[in-house]
Amino acid sequence: MIPQNFKDILSNTDNAGFYQTLALIFFMLFFVALVIYVFSRPKKYYREEEEAPLQDDKDELNSKN
């Protein structure tokens, strides 16, 4: 639960719109940075990660035989 005082701070101040805008800007910057990071990774990285569970199973089968 949000304390009543915290609710009053965010809803009754003159700068409430500013805080909301600032929070939106931070969220958007984080989201855009995350998208850029994901698309900047080489495709080889994702292929290796994609095959990782299968490689572990193959290694276990080879070691048992």
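This is a predicted model: local features need pLDDT of at least 70, side-chain atom pairs count only at pLDDT 80 or more; totals for chains, interfaces and linings use all residues.
The protein has an average pLDDT of 77, and 63% of its residues score at least 70. Helix α2, spanning residues 16-40, has the highest confidence, with a mean of 91, whereas helix α1, covering residues 4-11, has the lowest, with a mean of 66.

The secondary structure consists of three helices and zero strands. In sequence order, the pattern is α-α-α.

Of the 65 residues in the protein, 2% are buried.

Two aromatic pairs are present in the structure. Their geometry is tabulated below.

| Aromatic pair | Centre-to-centre distance | Angle between planes | Class |
|---|---|---|---|
| Phenylalanine 18 and tyrosine 19 | 5.9 Å | 55° | tilted |
| Phenylalanine 27 and phenylalanine 31 | 6.3 Å | 20° | stacked |

The classes follow from the plane angles. Planes under 30 degrees apart count as stacked and those over 60 as edge-to-face, with the rest tilted. The rings of phenylalanine 18 and tyrosine 19 have planes at 55°, so this pair is tilted. Phenylalanine 27 and phenylalanine 31, with 20° between their planes, form a stacked pair.

Phenylalanine 27 and phenylalanine 31 both belong to helix α2; because they are four residues apart there, about one helical turn separates them.

One residue from each pair can also be described by its accessibility. Tyrosine 19 has a relative accessibility of 39% and therefore counts as partly exposed. Phenylalanine 31, at 43% relative accessibility, likewise counts as partly exposed. The partly exposed class lies between under 20% for buried and over 50% for exposed.

Notes. Residues are numbered from 1 along each chain as its sequence is written. Side-chain values use heavy atoms; hydrogens and water are left out. pLDDT is the predictor's confidence in each residue, from 0 to 100. Helices (H or I, at least four residues) and strands (E, at least two) are DSSP runs, numbered from the N terminus. Buried means under 20% relative accessible area, exposed over 50%, partly exposed in between (1.4 Å probe, protein chains only). Rings of Phe, Tyr and Trp (its six-membered ring) pair if their centres lie within 6.5 Å; planes under 30 degrees apart count as stacked, over 60 as edge-to-face and the rest as tilted.
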